[in-house]
Amino acid sequence: MTRIMQARQNNFSSRFEKWNLETNRLSLLLEEKKPKGVKIFDLTESNPTAVGFDYPADDILRALAQPQILQYEPHPRGLLTTRQAVAEYYRRRGELVEPERIHLTVSTSEAYAFLFKLLADPGQNILVPQPSYPLFDFLAGLEGIELLPYRLDYDNARAEWRIDFASIAGAITEQTRAIIWVNPNNPTGSFIKREEAAQMRQICVTQHLALIVDEVFSDYAFLPPLNRKPSLVGENEMLTFVMSGLSKILGLPQMKLGWIIVNGPEKLRRQAQEYLELIADTYLSVSTPVQHAAPKWLELTTTLQEQIHLRVRANLLFLQTQLDDHPACRLLRAEGGWYAILQSADFVPEEDLILALLEKDNVLVHPGYFFDFAKEGFLIVSLLPPAEIFCEGVSRLLKRLV
Ligand SMILES: Cc1ncc(COP(=O)(O)O)c(C=O)c1O
């Protein structure tokens, strides 16, 4: 067999070699329980359509029944009327966004893929917060981009997460192209602080790095703004890409609509938008029916968010009251988002605990390592489940700890 033929023995791209795709012990255990009809108290549920919200079904469906959807008039940035409705959503939040700066995508995940293509060559790197959202590894890996972590640390005295800027300085290499910031971050729930935004701006400007800001949870704040930056849509000093979408804003991930807002120095911004158009034009992935329906859906923002806000806050309050003075674990303060983090030395090793919880108590939680925490000792719970699931799940979890 020739060397070339040997190399072709494996038909697939080497991208996949870095991931272990075998079913893990937790998933195996879950698979075992399912056919037995065991009720699972799932504290990882983050699908808003699966937790009993009362969606205004008629309004949502009626928005799709428009004659315009029969016409295909693709535009690489997306339909102007849809982009105007997105700009209007920001206007209601008190932020000025020009429709011209908005590029529609099918999701924030696709927006990441577009931005990685736009900003980096395979082999180059992008900085990501740690802990953060687990999908980054796949989004970057599929584009051949390397991710380098920078740290977020929980400041006990202030009871808030802070960026370790020394870890950013230490992580940047000649091959670094951009920094990702999640505002508020998943799962820490931490918003960008004003002084952090100023420091980040200085780093990006002096090092010629772009800033990618994921604001999918920015409507879900628990605390008044104080020193928080609710959004970076007004940032213009460096190339800045702010992303969001219907998945979290309206709790409608199945509708598949996200966007990127491009800001920055005029020449760079124009070039970025031209290249982004080329990428989007290659796929034209956002469907016409969704683009026509989105302006109507965005009018439902208040109705839908109210339910999510109420649920998340009620569950958080329950957790707080359960954990006040709990000897075994503490609740880290979140400023927003859909998650809560519990910390305890008793959670180490995390894997043993989450397996025991599922096996003996039928409670499913995420371990900290799933979100790439720098050390063990954390559990992450979603605040979305209905009260009866959430409260029983949390009670069982806390009983296991004493
Ligand atoms: C921080 C963050 N960004 C993006 C997404 C994905 O959003 P989309 O459904 O728009 O891809 C998620 C989903 O949980 C998320 O947690």
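**Salt bridges and their setting**

Author: The side chains of Glu100 and Arg77 form a salt bridge, with 3.1 Å from N to O. Glu100 sits in the loop between helix H4 (80-92) and strand S2 (102-105), and Arg77 in the loop between helix H3 (57-62) and H4, so the pair ties together parts that are 23 residues apart in sequence. The model is predicted. Glu100 has 44% relative accessibility and therefore counts as partly exposed. Arg77, at 13% relative accessibility, counts as buried, the cut-off for buried being under 20%. Glu100 and Arg77 also belong to a network of salt bridges that includes Arg83 and Glu277.

A second pair is Glu160 and Arg333, whose side chains meet in a salt bridge at 3.8 Å, N to O. This pair links distant parts of the chain, 173 residues apart: Glu160 is in strand S5 (residues 160-163), and Arg333 is in the loop between strand S12 (330-331) and strand S13 (339-343). Glu160 is buried, with a relative accessible area of 9%. Arg333, with a relative accessible area of 33%, is partly exposed.

Glu266 counts as partly exposed at 44% relative accessibility, and Arg270 counts as exposed at 51%.

These pairs are among the 23 salt bridges that the structure holds. The chain has 41 positive and 50 negative side chains, and the centres of the two sets are 1 Å apart.

Some backbone features belong to the loops of the chain. Most residues other than glycine have a negative phi, and most peptide bonds are trans. Ala159 has a phi near 55°, a positive value in a residue other than glycine. Ala159 is in the loop between strand S4 (146-155) and S5, and with a relative accessible area of 22% this residue is partly exposed. Asn362, also not a glycine, has a positive phi of about 60°. The place of Asn362 is the loop between H13 and strand S14 (363-364), where Asn362 is buried, with a relative accessible area of 15%.

Two peptide bonds are described here as cis. One runs from Asn186 to Pro187, with omega near 10°; Pro187 lies in the loop between strand S6 (176-182) and strand S7 (192-193). The other runs from Val348 to Pro349, with omega near -10°; Pro349 is in the loop between S13 and helix H13 (350-361).

As for the whole chain, the secondary structure comes to 14 helices and 16 strands. A compact globule of 402 residues would have a radius of gyration near 21 Å, and the 22 Å of the chain agrees with that. The C-alpha atoms fill a box of roughly 60 × 60 × 50 Å along the principal axes. Of the 402 residues, 54% count as buried. Among contacts with a separation of 6 or more, 75% come from residues 24 or more positions apart. The accessible surface is about 19100 Å², and 52% of it belongs to carbon and sulfur atoms.

How values were computed: Residues numbered from 1 in each chain as written. Predicted model: local features only at pLDDT ≥ 70, side-chain atom pairs only at ≥ 80, totals over all residues. Heavy atoms only, no water. Helix = DSSP H or I, 4+ residues; strand = E, 2+ residues; numbered from the N terminus. Rg over C-alpha atoms; globule rule 2.2 N^0.38 Å. Buried < 20%, exposed > 50% of the residue type's maximum accessible area, 1.4 Å probe, protein only. Contact = heavy atoms within 4.5 Å. Areas by Shrake-Rupley, 256 points an atom, 1.4 Å probe, with all protein chains shown as cover. Lys, Arg positive; Asp, Glu negative; His and termini not counted. Charge placed at Lys NZ, Arg CZ, Asp CG, Glu CD. Salt bridge = Lys/Arg side-chain N within 4 Å of Asp/Glu carboxyl O.
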